[in-house]
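Here are some exercises to work through with the model open beside you. Try each task yourself before reading its solution.

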Amino acid sequence: MKDIEEYILAHIDPEPELLKKIDRETRAKMLHSNMNSGHLQGRFLVMITRMIEAKRVLEIGAFTGYSALCFAEGLREGGEVHTIEVNDELEDLLRANFKESEHGHKIKLHIGDAGVLVPTFRDESFDLAFLDADKEDYWHHYEALLPKIRKGGIVLVDNTLWYGKVTRKANSNDHATRAVQDFNDRVIKDNRVEKVILPLRDGVTFIRKK
Ligand SMILES: C[S@@+](CC[C@H](N)C(=O)[O-])C[C@H]1O[C@@H](n2cnc3c(N)ncnc32)[C@H](O)[C@@H]1O
């Protein structure tokens, strides 16, 4: 599997230097450093942003800013990424990372709980959203953000295979696995959207609003 990963990374667009640096520093300094989207998923996020010619992107869960910078890179001229991060200890680092990028000026950082902030985005219409926050609240965040997505817009939901644990019965105290399973079981019944799961990294559900 490692061979395949290395092969893929050698045959896709290279990771920009700043993103390499953010990835390296995240691994060196942060707890849960594997939360970064990383090279492969990051290039996928740029590609999808360009493919749908997104002008407005909403992200829930910024962490160290890797994925927000990928969306900003793929945006149409004049576009904006709104990213929400609940952990205020990440604010200075996020602002510094965005400032260092030629695309950082396109990013609006909102510090706070997406559960509170998303409903306050009135009359907003986004082309693309990325749901990448605490798994326990996935369904709640999804319900809040779907009305803010334009018809034909895309919602990407990260970690929907959850280390492969979704295929097995979860222990009653394994709240994250149960929440991801519950999310997946609800999305498949949601007639407002079309959906596919891509086995990219930890699973990305690709949802299109009808
Ligand atoms: C998986 S990381 C995000 C990784 C980032 N999207 C990337 O790919 O580089 C999840 C982040 O979501 C944040 N988060 C969790 N719950 C949240 C909430 N309710 N509102 C906003 N951010 C939240 C966490 O603090 C954490 O930084």
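**Exercise 1. A loop residue and its neighbour**

Is Trp162 buried or exposed?

Solution. Before starting, note that this is a predicted model, in which local features need pLDDT of at least 70 and side-chain atom pairs count only at pLDDT 80 or more, while totals for chains, interfaces and linings use all residues. Residues are numbered from 1 along each chain as its sequence is written, and side-chain values use heavy atoms, with hydrogens and water left out.

Step 1: recall the cut-offs: buried means under 20% relative accessible area, exposed means over 50%, and partly exposed is in between (1.4 Å probe, protein chains only).
Step 2: apply them. Trp162 has a relative accessible area of 14%, so it is buried.
Step 3: Trp162 sits in the loop between strand 5 (149–158) and helix 8 (175–188); helices (H or I, at least four residues) and strands (E, at least two) are DSSP runs, numbered from the N terminus.
Step 4: look at the backbone. Phi of Trp162 is near 40 degrees, a positive value in a residue other than glycine. Most residues other than glycine have a negative phi.
Step 5: turn to Tyr163, found in the loop between strand 5 and helix 8. Tyr163 has a positive phi of about 55 degrees and is not a glycine. With a relative accessible area of 52%, Tyr163 is exposed.

**Exercise 2. The ligand and its shell**

Describe what surrounds the ligand, and find its polar partners.

Solution. Step 1: list the shell. There are 22 residues around the ligand, and those that come nearest are Ser37, Gly61, Ser67, Glu85 and Asp132.
Step 1: sort by class. The shell has 10 nonpolar, 7 polar and 5 charged residues. Here Ala, Val, Leu, Ile, Met, Phe, Trp, Tyr, Cys and Pro count as nonpolar, Asp, Glu, Lys and Arg as charged, and the others, Gly among them, as polar.
Step 2: find the elements. Helix 4 (66–74) and strand 2 (80–85) each supply at least two shell residues.
Step 3: check polar contacts (a pair of N or O atoms within 3.5 Å; within protein, one must be able to donate a hydrogen and the other to accept it, and residues adjacent in sequence count only if both atoms are side-chain atoms). The side chain of Glu85 has an N or O atom 2.6 Å from an oxygen atom of the ligand. A polar backbone atom of Val86 is 3.1 Å from a ligand nitrogen atom, and a polar side-chain atom of Asp132 is 2.8 Å from a nitrogen atom of the ligand.
Step 4: consider cover. On its own the ligand has 600 Å² of accessible area, and the protein covers 93% of it. Such areas come from the Shrake-Rupley method with a 1.4 Å probe; for residues, only the protein chains shown count as cover.

**Exercise 3. The contacts of Asp127**

Which partners does the side chain of Asp127 reach?

Solution. Step 1: locate Asp127 in strand 4 (residues 126–131). Asp127 is buried, with a relative accessible area of 11%.
Step 1: follow its side chain. The side chain of Asp127 reaches the backbone nitrogen of Arg56 at 2.9 Å and makes a polar contact with the side chain of Arg150 at 2.7 Å.

Definitions and conventions
A residue is near a molecule or strand if one of its heavy atoms lies within 4 Å of it.
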